[in-house]
Amino acid sequence: MKQWILLRVVWMSGFLAATVSAGSLEAPGKPADVSSALFTLEDIHQRLKSGVIGSRSPFAGPTTGPGVLVGKSLNDIMAIAPAKNPDGAKPEEMACGKTFWGLLDGAWGYQVGIAGCPPQPTGIQITAVQNGVATLTWPAVAGATSYTVYFATQTGLTQYNYASLTGGGRRNSVTSPVTVTGLTNGVINYLYVAAVGPGGERVSDPVSTTPVSTKIDVKRSQNGQAMLSWTPVAEAISYDLYVATKAGLTLENHASLPGGMVKKNVSTPFTLTGLTNDVTYYLYLSPVTAGGAGLSDPVTTTPVYVRFVDNDNGTVTDRESGLILLKNANCFGEKIWTDALGAAASLGHGQCGLTDLSRPGQWRLPNKPNALQPECGYDTCFLTGLTGESGVLIEARTHAAFTNTMSNASTGVRYWLNAAYDGFLQGNSSKDAFAWAVVLWPREGLSVVLTDPKTKPHFIWPVRDP
């Protein structure tokens, strides 16, 4: 029984490099599927003979048995395919910029004439590679009136095919040194310098580099703001920050993207404001140098609502009450009530991690909820339905913005409040023996405000007004 064998023909640089694979005999796609489209042997024969490109056609399985050969065979193709010839033309024999198919050892295949071209640029050096930008320098070339820089992330670039290559680009009429923008971060970029003269241009051998993107660090993203920082870039004169709610931003299209905006002349650290909570933003840093502006890879951030905001100065602000709390929830250890009052009152800038320029006398113990009526027993009083500043401590006890928060699953943790108990308790004859404290439990709903003897040591969590 006859077998139908699919021959895959690879077309490179306009001529044939044929391979026959003993792999799968299945068509690359179902009949009539666009993915099954291939050139036929007739197409390849006509390309070699007359230059006609031809067109791919979907694969179709045989409907009848073999008959008389129609079209061209591999023998027909090999009969007209180019072969090495010692009399073939050399690049130096062809006019500058003219393309031809070389037939010589060492000059086989696609070639570009160099007769009348300036000498080929050499000694190309690459510096300052980052954020899609590289600075190139090279010695002057005799006879060159200007230079062109070509680049792509693929090899095999010529002055004619650069635009069709991945990451391909060109910069015309440049001089050394030149800052080339538009490179691709994180992959190898191949760069060529072409010396341009009256007779045409001569392209250098490639040099390669892999630009590294400056990383934007998002410290916090909350309450419509994002706190950003980055490592300064060598040779950067200034920085611009580009923002959008859709990926794919460039220096040219940012204004047309959803949420697109640019913040000019920013510096690290930088707080980006005006964001919407629960919306994802794409952030790009653009270091601006004397030669142009680069663009980092994006980072994403999604601001969320946060009640307690770390002010990065040893304090935390409660957004609901406006109260400012000490970030360190256990700076003083446990003290009796009168000593706790003094410790809080003497607190200021330079103590307990504070860099907020606060002064002694501004800090105090939290107030008790005065509007509530206590429920008193034999030797203590309780307040239920907690609100006010003691309620703030209850909410703050497990929040990540604070350090050294205390926890005790058995007895709870007691913090002094800024109020003495002004009544009598049956279990103690002294009117001034008690003060109010808040007991913080790790479980929701169990925290409570109560009276305790002033001589009993408890923790201190100072607060101040805005």
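Q: Which residue in strand 6 stands opposite Thr127?

A: The residue opposite Thr127 is Thr135. Please bear in mind throughout that this is a predicted model. The general idea is that the strands of a sheet pair through backbone hydrogen bonds, in either a parallel or an antiparallel arrangement. Here strand 5 and strand 6 (residues 133–137) are antiparallel and share four bridges. Another facing couple in this pairing is Gln125 with Thr137 of strand 6.

Q: Where does another hairpin occur, and how many residues lie between its strands?

A: Strand 13 and strand 14 form a hairpin with two residues between them, and Asn223 in its turn has a positive phi of about 55°. The strands, residues 217–222 and 225–229, run antiparallel and are joined by five bridges. Within this pairing, Ser221 faces Ala226 of strand 14.

Q: Is Ser229 buried or partly exposed?

A: Burial is read from the relative accessible area, and a residue counts as buried under 20% and as exposed over 50%. Ser229, which lies in strand 14, has a relative accessible area of 27% and is therefore partly exposed. Leaving aside neighbours within four places in sequence, Ser229 is in contact with Lys215, Ile216, Asp217, Thr268 and Pro269.

Q: Which residues of helix 1 are buried?

A: The general idea is that an α-helix has 3.6 residues a turn, so residues three or four places apart point the same way. In helix 1 (residues 41–50), the buried residues are Asp43, Ile44, His45 and Leu48. Just after this helix, Gly51 takes a positive phi of about 85°.

Q: Which residues touch the most other members of the largest nonpolar core?

A: In soluble globular proteins, nonpolar side chains tend to be buried together. The largest nonpolar core here holds 41 residues, and Leu325, Phe402, Tyr415, Val438 and Trp461 touch the most other members. Two or more residues come from each of strand 23 (324–326), helix 3 (337–345), helix 4 (388–396), strand 26 (413–420) and strand 27 (434–440). Strand 27 gives the largest share, six residues.

Q: With which residues is Tyr415 in contact, leaving aside its neighbours within four places in sequence?

A: The list comprises Ala329, Leu393, Met406, Ala437, Val438, Leu440, Phe459, Ile460 and Trp461. Tyr415 also belongs to an aromatic cluster, together with Phe308, Phe402, Phe459 and Trp461.

Q: How many aromatic pairs are there?

A: The count comes to eight aromatic pairs. One of them joins Trp138 and Tyr147, whose rings lie 5.2 Å apart, centre to centre, with 65° between the planes. An angle over 60 degrees counts as edge-to-face, and this pair is accordingly edge-to-face. Both Trp138 and Tyr147 are buried.

Q: Where does Gly322 lie?

A: Gly322 lies in the loop between strand 22 (315–318) and strand 23. Its relative accessibility is 22%, so Gly322 counts as partly exposed. Apart from neighbours within four places in sequence, Gly322 is in contact with Thr317 and Pro466. The C-alpha atoms of Gly322 and Phe308 are separated by 9.7 Å, the two residues being 14 residues apart along the chain.

Notes
Residues numbered from 1 in each chain as written. Predicted model: local features only at pLDDT ≥ 70, side-chain atom pairs only at ≥ 80, totals over all residues. Heavy atoms only, no water. Pairing = 2+ DSSP bridges. Buried < 20%, exposed > 50% of the residue type's maximum accessible area, 1.4 Å probe, protein only. Contact = heavy atoms within 4.5 Å. Core = buried A, V, L, I, M, F, W, Y, C linked by side-chain atoms within 4.5 Å. Phe/Tyr/Trp six-rings, centres within 6.5 Å; stacked < 30°, edge-to-face > 60°.
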